[in-house]
Amino acid sequence: MNDHPAFGPASLRPGPALRPVLSLLGSLALAAPGFAAPFAYEINFNTSLYRVNVANNNEIPLGTTPFISESLALSPTLSLYSADPNGVIWNITGAPVPVGPTGFTQVADLDWANNGLWGFSNPGSSLFFFDLGLNTVTYSAAIAGLGGSTVTGVAHDAATGDIYLSANTGLNTDLLLKIPFATTTALPIGAMAIADAFSYIADIDFDGASGNLYAMSFYHRDFYTVNPTSGATTFVSTGPHRDTTAMALNPVPEPGTMAFLGLGAWLWVWRNL
């Protein structure tokens, strides 16, 4: 976690009458849903799994998970991973398949990075990395600076290597923290206010297409964008009472997004011939 001989003879290039049409299509491509809010995969306390349009909270049920979990991660190939109460990681994309034990319990969340999963375990305030090539934990460290907060979400910033955490000390007391790359202390960024009363932020994740940080609330599955430098939130959508426990966003642009990007770029070149 872009002369003209190259485009063929002039007779194959768009004429003046066609160029406005292609320009309009290019604009529509750039304004298409691939550039709007992403789709999220979400699980909740009744083990239901959904794919949700973050922009409007419309959902598609995808079945159930074999256990209650507070963790969910999505790979670039759209494989879904979750940890059971004993800390064993499972691939839950189709029929559940155990991947391997982490050695940690109460895994608060998982997030994809570098052919592996970053995770956090609350009992020992432990940040760990599970290598999916070796099927084992290859890094773990106790994290200082949490101040007694309970961590609910883990988000790996592919651009910097920093790890962001959502945490709270009770309902509607959510805080954004950052563990800078190669350090073991969580630095407070700021409060994350949400409109979902008697609730908390159940998870955070970066969207690979836009680079935006998103948060999801527990009670009504509200979605927010989050400013990673201040923690300030911007409301996106609200949903039904779902008691959500974890979400995952695609760490790379989804195929639909890439198609719109490619079409927009192609039309831009032709428009400027």
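1. Two strands pair if DSSP finds at least two bridges between them, and strands are DSSP runs of E with at least two residues, numbered from the N terminus, as are helices (H or I, at least four residues). The hairpin of S1 and S2 has three residues between its strands, and Thr47 there takes a positive phi near 65 degrees.

2. The model is predicted, so to speak of local features a pLDDT of at least 70 is needed, side-chain atom pairs count only at pLDDT 80 or more, and totals for chains, interfaces and linings use all residues. Residues are numbered from 1 along each chain as its sequence is written, and side-chain values use heavy atoms, with hydrogens and water left out.

3. Confidence is given as pLDDT (the predictor's confidence in each residue, from 0 to 100). The chain has a mean pLDDT of 85, with 79% of its residues at 70 or more. Over residues 1–35 the pLDDT is below 50, although this stretch has 38 contacts in the model beyond near neighbours in sequence; contact means heavy atoms within 4.5 Å. Residues 254–273 also stay under 50 in pLDDT, and the model gives them 31 contacts beyond four places in sequence.

4. Strand S1 covers residues 39–44, and five of its six residues are buried, so the strand is largely enclosed by the rest of the structure. Buried means under 20% relative accessible area, exposed over 50%, and partly exposed in between (1.4 Å probe, protein chains only). S1 pairs with strand S2 (residues 48–53) in the antiparallel sense, over five bridges. Within that pairing, Phe39 stands opposite Asn53. S1 also pairs with strand S20 (residues 244–249), again antiparallel and over five bridges. There the bridge partner of Asn44 is Thr244.

5. An open sheet of four strands runs in the order S4-S5-S6-S7, with antiparallel pairing. Strands S4 (73–74) and S7 (97–101) stand at its edges with a single partner strand each, so one side of each has no neighbour in the sheet. S7 pairs with strand S6 (residues 88–91) over four antiparallel bridges, and Pro101 in S7 stands opposite Val88.

6. Which residues does Arg221 join by salt bridges? The search of the whole structure finds four salt bridges (a side-chain nitrogen of Lys or Arg within 4 Å of a carboxyl oxygen of Asp or Glu). One of them pairs Arg221 with Glu42, with 2.9 Å between the closest N and O atoms. This pair links distant parts of the chain, 179 residues apart: Glu42 lies in strand S1, and Arg221 in the loop between strand S17 (213–217) and strand S18 (223–226). Glu42 and Arg221 are both buried.

7. Arg221 forms another salt bridge, with Glu59, where the closest N and O atoms are 2.7 Å apart. Here the loop between S17 and S18 is linked to Glu59 in strand S3 (residues 59–64), 162 residues apart. The relative accessible area of Arg221 is 0%, whereas Glu59 is partly exposed at 28%.

8. Asp162 and Lys178 meet in a salt bridge at 4.0 Å, N to O. Asp162 is in the loop between strand S12 (150–156) and strand S13 (163–168), and Lys178 is in strand S14 (residues 175–179), 16 residues apart. Asp162 counts as buried at 10% relative accessibility, and Lys178 as partly exposed at 21%. Salt bridges that share partners join Glu42, Glu59, Arg221 and Arg242 into one network.

9. Asp203, in strand S16 (residues 201–206), is buried but has no salt bridge; Arg221 is the nearest side chain of opposite charge, 12 Å away. For charge, Lys and Arg count as positive and Asp and Glu as negative, while His and the chain ends are not counted. The side chain of Asp203 reaches the backbone nitrogen of Met247 at 2.9 Å. Leaving aside neighbours within four places in sequence, the contacts of Asp203 include Asp109, Thr152, Ser166, Tyr214 and Met247.

10. Asp207 lies in the loop between S16 and S17. Asp207 is likewise buried with no salt bridge, and its nearest side chain of opposite charge is Arg51 at 9.9 Å. Not counting residues up to four places away in sequence, Asp207 touches Pro38, Asn212, Tyr214, Leu249 and Asn250.

Note on methods. Polar contact = N/O pair within 3.5 Å; in protein donor to acceptor, adjacent residues only side chain to side chain.
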